Amino acid sequence: MDNDKNQIMIDFIKQCEVIQNNPLFFNFAESGDGNNHFITEKDTIKRTYIDGSVEKQYTFTIASYYSISHNAVIDGEIDENIENMAKVQAILDWIDKQNILGNYPDFGEECIIESMEPLTTDPDLDGIDTSVNPPIARYSVGVRLTYLDNSKRVWK
């Protein structure tokens, strides 16, 4: 199961409309406009039970890259930076909605996913690369997926 978990997560995240329409990279990314980057963080053991089942947390980050504008926000005009932040917010909102609906990736029969939660209510602006033209901003959303791994359970 552990070898497939990353691919399962990639396939699941690709269902998000914002990500469907843009390139998605795994643990490496080009910082091109519209690119998304799936970064694995940790798969940690939170609690081991007497029956051998284990509560785990799989954390990851989705980073999104967008070109930025140097224009001031003017009444009546659309601001590229605000639009870009809204796109990343839509990824966060999609993940939150999947959690509310109980729509989780399938880690197999031996795993029961309990929750999949964004770690913040809004995206982080991690930085801006001004060495390229146009400059590129990197936004990110951290996610924690909590699940019960029953693969080593002694009795059923």
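Colleague: Exposed means over 50% relative accessible area, buried means under 20%, and partly exposed is in between. Going by that, is valine 154 buried or exposed?

Modeller: Valine 154 counts as exposed, because its relative accessibility is 64%, over the 50% cut-off. Bear in mind that this is a predicted model.

Colleague: Where is valine 154 in the chain?

Modeller: Valine 154 sits in the segment after S6. Together with Ile50 and Trp155, Val154 forms a nonpolar patch on the surface. The accessible area of the three together is about 410 Å².

Colleague: Let's step back. How many helices and strands are there in the chain?

Modeller: The chain has three helices and six strands. Starting at the N terminus, their order is α-α-β-β-β-α-β-β-β.

Colleague: What does the C-alpha trace span along its principal axes?

Modeller: About 65 × 30 × 25 Å. Of the 156 residues in the chain, 42% are buried.

Colleague: Which residues touch the most other members in the largest nonpolar core?

Modeller: Ile13, Phe38, Phe60 and Leu145 do, in a core of 28 residues. Helix H1 (2-13), helix H2 (17-20), S3, H3, strand S4 (111-118) and S6 each give this core at least two residues. S6 supplies the largest share, with six residues.

Colleague: Which residues in H3 are buried?

Modeller: The buried residues in H3 are Asn84, Val88, Gln89, Ile91, Leu92, Trp94, Ile95, Gln98 and Asn99. As background, an α-helix has 3.6 residues a turn, so residues three or four places apart point the same way.

Colleague: What happens at the start of H3?

Modeller: There, aspartate 79 has a side-chain oxygen that comes to within 3.1 Å of the backbone nitrogen of asparagine 81. Just after H3 comes glycine 102, with a positive phi of about 70°.

Colleague: Which residue has a positive phi although it is not a glycine?

Modeller: Asparagine 27, with a phi of about 55°. Asparagine 27 is in the loop between strand S1 (24-26) and strand S2 (36-48). At 37% relative accessibility, asparagine 27 is partly exposed.

Colleague: New topic. How many salt bridges does a search of the whole structure find?

Modeller: Six. One of them joins arginine 47 to glutamate 55, and their closest N and O atoms are 2.6 Å apart.

Colleague: Is glutamate 55 buried or exposed?

Modeller: Glutamate 55 counts as buried, because its relative accessibility is 12%, under the 20% cut-off.

Colleague: What does lysine 56 form a salt bridge with?

Modeller: With aspartate 149, where the closest N and O atoms are 3.1 Å apart. This pair links distant parts of the chain, since lysine 56 is in strand S3 (residues 54-67) and aspartate 149 is in strand S6 (residues 136-149), 93 residues apart. Lysine 56 and aspartate 149 are both buried.

Colleague: And what does aspartate 126 meet in a salt bridge?

Modeller: The side chain of arginine 138, at 2.8 Å from N to O. Aspartate 126 is in strand S5 (residues 124-129) and arginine 138 is in strand S6, 12 residues apart. Aspartate 126 is partly exposed at 40%, and arginine 138 is partly exposed at 26%.

Colleague: Prolines next. Which residues does the cis peptide bond join?

Modeller: Asparagine 133 and proline 134, with omega about 0°. Proline 134 lies in the loop between S5 and S6.

Colleague: Where is proline 118 found?

Modeller: Proline 118 is in strand S4. At 16% relative accessibility, proline 118 counts as buried.

Colleague: How many residues apart in sequence are proline 118 and isoleucine 8?

Modeller: They are 110 residues apart in sequence, and 18 Å apart in space from C-alpha to C-alpha.

Note on methods. Residues numbered from 1 in each chain as written. Predicted model: local features only at pLDDT ≥ 70, side-chain atom pairs only at ≥ 80, totals over all residues. Heavy atoms only, no water. Salt bridge = Lys/Arg side-chain N within 4 Å of Asp/Glu carboxyl O. Buried < 20%, exposed > 50% of the residue type's maximum accessible area, 1.4 Å probe, protein only. Helix = DSSP H or I, 4+ residues; strand = E, 2+ residues; numbered from the N terminus. Patch = residues over 30% accessible without salt bridge, like charges linked within 9 Å, V, L, I, M, F, W, Y side chains within 5 Å. Areas by Shrake-Rupley, 256 points an atom, 1.4 Å probe, with all protein chains shown as cover. Polar contact = N/O pair within 3.5 Å; in protein donor to acceptor, adjacent residues only side chain to side chain. Core = buried A, V, L, I, M, F, W, Y, C linked by side-chain atoms within 4.5 Å.
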